[in-house]
Amino acid sequence: MEGTNVRLISGRTAVQGQNLDSKLTEKYFDEVARCDMNGSDMEKLGVAKDDTVKVTTAYGAVVVKAKQDDGNPEGMVFIPMGPWCNAVVSGDTHGAGMPSFKGVDARVEKTAEAVLPVKELMRTYMG
Amino acid sequence: MVEVTDVVCSLCGCVCDNIVVEVEDNKVVKVKRGACSVGKSKLLGHERIKSPAIRENGELKECSYDEAIKKAAEILYKSRRPLLYGWSSTVCEADREGVELAEDIGGVVDNTASVCHGPSVLAIQDVGLPGCTLGQIKNRADLIIYWGSNPAQAHANHMKRYSYVSKGYWTSEGKKGKKLIVVDVRKTMTAKMADVFVQVKQGKDFQVFSAIRTMLRGHEDVVPDEVGGVPKEQLLEVASMMKEAKFGMIFFGMGVTHTGARHNNIVNAIQTTRAGHLYGKWTIMPMRGHYNVTGFNQVCCWQTGFPYSVDLSRGYPWYNPGETSSTDLLARGDCDAAMIIASDPGAHFPGAALRHLAKIPTIQIDPFANPTTEFADVVIPAAISGIESAGGVYRMDNVPLRLRKIIETDYYIPDEEIVKRIHAEVRALRGKEGE
Amino acid sequence: MADGELLIKNGVVYDPINGVNGEKKDICIRDGKVVESVTNPKVIDAEGRVVMPGGVDIHAHIAGAKVNAGRTMRPEDERKGVEAKTKVCRAQSGYSVPNTFATGYRYARMGYTFVMEAAMPPLLARHTHEEMIDIPILDNAAMPLIDNNWMTMEYVKSGDTDLLAAYIAWMIKATKGYGVKVVNPGGTEAWGWGKNCNLNDTVPYFDVTPAEIIKGLAEATEKFEMPHSIHVHGNMLGHPGNFETTMDTYDVVKGIKPYRDRPTMHATHTQFHSYGGTRWGDFESKAGAIADYVNKNNHVSIDLGSVILGDTTTMTADGPMEYSLYQITGRKWTNHDVELETGSGITPFLYSAKVSVHTIQWAIGQELALLIKDPWKLCLTTDHPNAGPFIGYPIIISHLMSKKRRDESAESMHKAIFDRAELPSIDREYDLNEIAIITRGMAAKTLGLHEHGKGHLGVGADADVAIYDMTPEERDAGNIQKAFLNTKYTIKSGEIVVKDGEVVAAPPGRTIFVTPECDDKLMDEMLVTLKDKFDKYYSVTFNNYPVQDAYLPNPYEIKAPWRSS
């Protein structure tokens, strides 16, 4: 199945907040290394809940688990704030000091690659 | 077992202060009431960093506090342009030590507002902010608007304590006497509670503010049939509800600070609030994320004159977000050492910034291990503010409260003391070199 | 506090509280206090220079929520006053809203050693105290706002003066404050709904008038041996024609007996309340009428609120007034209403010599000083930073002392000064004794601080001394202004903190607070009502409300017992 173009946003969730002090745990991983998509987008991509998808932007690519949230309009993907989302957002603050954590153009596609655990994800930054 | 009342939460910007816990054997064993699930989670505790550590050959090796503090001081002393970042999850006493340290070593001091409500501060510097304390809303507000904010997930007690669900002097009926409007790009948990949900196209909040403002100023005829994905009828409905409100409140969050026009969104939000003020009492408030992000801005501002992203390398404060903000400094490779305290850029900064953070000597001061720990060359575990140490904080509405100490720790050291000791070591190094 | 001995010799001393008027005399200091004599002191030879007690400022906005809101909002003001750190001093910034370090250093360089923070929102008191900790050198205190509070209005309505007194006692203790501050009584509560009140209007929902609030608070305050009277920023500040309201406000407390020989009301920044005319077009000075009233009555004291030309930042708890100022100028505006208690507004403002209204305001601030005969009734202030920054005090001093300087300034101002103000026709010039009264003596006495070592140099006083680099014969306004801006020496608690205009030491100051004492039964009765408010209406708990000891690392307590009769 081909990928689809989406708008990526990020933000807080309650479970992410409950694990602010336990980011190296499974609970955090399960909650944050994921993306929420509208059911029709999931259908388009041929993914079911907990399948892995690759999200690619101009700034990088990251693999996360797919979850359904029909509160999202079509073409909008939400990844909870955290290391996985930040692998693909822009560091450009446009002179305002604020990176673009929301509203990033992305491409989502089904993938067989595995989701990187957080420590490994951090290691990708170490040249 | 001891029951402790009036516990002040040290998690989010709500800073709920009516929490009741049970303490037994020097441990919080139960949260009886007052805390939301997120605050409860903090109070009940998580696994801690067991010991200070210094990275050798890629691995963190345990050491004493003295050794870690000395190593941290060395890093800062040798650095030509250190970044001292974080501060939002510790107390004002630590923040004050931090600003003093930054000034002494000529560093850049910055807090999480840089990636959160910094744009709100920039907007305030453009147009000011018509605001109030949360109790005003509890007692008076009959129309609440959450714009780009999802308190059901991010500030779980907010509506219950302060806004939509709360009861007060003129609001004794609670929800029944109030209306809730939620503006967001997707139907969040908060949106599901709303009387009116306005679904705006991602990045188009600026236009929607302009349209509502135009209507409040009596020029609805120039507004097109659809603005930012919102049909004109719905915009008219919102404007009409705003006109009828006796006391209206706009709470806004990252939905408008993180996107598109950034601080210009907030300027527009504030001007829209002012337009509402032509009809009734209207106020606006940023939903500050961490329990003391506001406090750092207060401390930094009264001490340096500027609220965040302050470059002290010239010996006097220099403020220019976009130049002196942390992500910019890191993305440009413009700092050569970092002290990260009470925050987690490893988890919350864009990759472009982390590539540089990974390269430079980094000190981490935190009770808990997190993604930043992977980059840290020195790790110094701190006492948990609000549980193991007391101190001052500022709630999202600038109300100052004092965290309580509810259990003892004979091992962990409070942030304030760690920073103080690092500073003392820096001075000692300077003394040795005869400066 | 310096343990050592210090001897200031050959100074020409102006110590009005002790009747010392330009006498050449020695000042002996030991252990931070003025003493009779010393044996082996460090000697400062003042060489004929003017010596005064450390300055005492009765009213300035230097620490707390609205001050910091002003700073946050005005990076452009911060950039104006940037100064690099030194071995002794932290970095400085700001002009009308300086950072806390600059505030301490600059006041000390002007020879001031005590400043009263004019208005502390009680719920936000911790903020005021945290900032005061970071103001070096100066001793300080702060006045909590107790006039728009729901408890106050309810007790005023029910006529329960004793319970109101208990509430005042609790508030002053809980906020570690100094006395009762009143700002736009009733009006700022009405502003919670976007409305305002004049002196005899009924406050919406609370069914009392501002006049009743003022009277009730004055009566309740005088139940105690309170060092300072109620301190009042009256209704209708800034409105053309408000001088009548001002005098009506003074009349409200006329019959009330103060606990000792001091006024029953301190009316602050009176310049803003001395306006005639009916609108901006026919705006004129009524300083003469106000001065007349003050000359004829002894129950009111005032401070000037004099204008300093230039850009400044206005900030008061008079929320509605700040909003109307914003509507006039269109500049940025911040508002912060405080639940159950008060509010505030902050907006920048430019006083221009080219504008008729500003010129008249500028004149009024000086007319009041020159037309009020007894300088013991007034204190020099600019309501910093509302009418101007405190750094401008030397400008006012030089103008009060020099008719020539006043005439020079008038020449470059709007012509309205000649027909809608009195200043050009006033010849009086202040002498140094009178300056000493209005910059230290009067404030210390009116605050009751003269009994606690402030404002004078008699034996037992705090060794707070200013040595100005001028002789008493100096007549040149420019030299006078220069001298009062940077001292030759400022000594604080016996330690030299400023030398040749530079800060050489920056020890921390003390926070002075009052503990009113009240019958337990009365207090308990009041607390039932107060706790109910916390349960139902406040957004913080009763136990988390009072200012904890940690916020006053250097406290100084003054007890205010309940008066026996």
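Start with one threonine: the side chain of A:T57 reaches the backbone nitrogen of A:Y59 at 3.0 Å. Keep in mind that this is a predicted model.

**Around A:T57**

A:T57 sits in strand β3 of chain A, which covers residues 52–57. Is A:T57 buried or exposed? Its relative accessibility is 10%, so A:T57 counts as buried, the cut-off being under 20%. Leaving out residues up to four places away in sequence, A:T57 touches A:L8, A:V88, A:V104, A:D105 and A:A106. As for A:G91, it is 34 residues from A:T57 in sequence, and the two C-alphas are 12 Å apart in space.

| Pair | What is compared | Distance |
|---|---|---|
| A:T57 and A:Y59 | side chain to backbone nitrogen | 3.0 Å |
| A:T57 and A:G91 | C-alpha to C-alpha | 12 Å |

**Where chain B meets chain A**

Now for the contact between chains B and A. Chain B brings 50 residues to it and chain A brings 46 residues. Together the two chains bury about 4000 Å², with 60% of that on carbon and sulfur atoms. Three residues stand out on the chain B side: B:R186, B:R262 and B:E374 supply 17% of the area that chain B buries against chain A, more than any other three residues.

How many salt bridges cross the interface of chain B and chain A? The rule finds 1. There is a salt bridge between the side chains of B:D344 and A:K23, at 2.8 Å from N to O. Polar contacts between chain B and chain A come to 14 residue pairs. Several helices of chain B each supply at least two residues of the side that touches chain A, among them α1 (37–44), α4 (118–127) and α13 (326–331). The largest share of that side, 5 residues, comes from α15(B). By residue type, the side of chain B that touches chain A divides into 20 nonpolar, 21 polar and 9 charged.

In soluble globular proteins, nonpolar side chains tend to be buried together. In this model, the largest nonpolar core has 163 residues, and those with the most contacts inside it are C:Y107, C:W170, C:Y178, C:I302 and C:M526. Helix α6 of chain C (residues 161–174) gives the most to this core, with 11 residues. Take C:W170 as an example: not counting residues up to four places away in sequence, its contacts include C:M523, C:M526, C:L527, C:F534 and C:Y545. A second, separate core has 49 residues, including A:Y28, A:V32, A:V55 and B:A338.

Terms used: Residues numbered from 1 in each chain as written. Chains lettered and ligands numbered in written order. Predicted model: local features only at pLDDT ≥ 70, side-chain atom pairs only at ≥ 80, totals over all residues. Heavy atoms only, no water. Core = buried A, V, L, I, M, F, W, Y, C linked by side-chain atoms within 4.5 Å. Buried < 20%, exposed > 50% of the residue type's maximum accessible area, 1.4 Å probe, protein only. Helix = DSSP H or I, 4+ residues; strand = E, 2+ residues; numbered from the N terminus. Contact = heavy atoms within 4.5 Å. Buried area = accessible area lost by both parts, 1.4 Å probe. Salt bridge = Lys/Arg side-chain N within 4 Å of Asp/Glu carboxyl O. Polar contact = N/O pair within 3.5 Å; in protein donor to acceptor, adjacent residues only side chain to side chain. Nonpolar A, V, L, I, M, F, W, Y, C, P; charged D, E, K, R; others polar.
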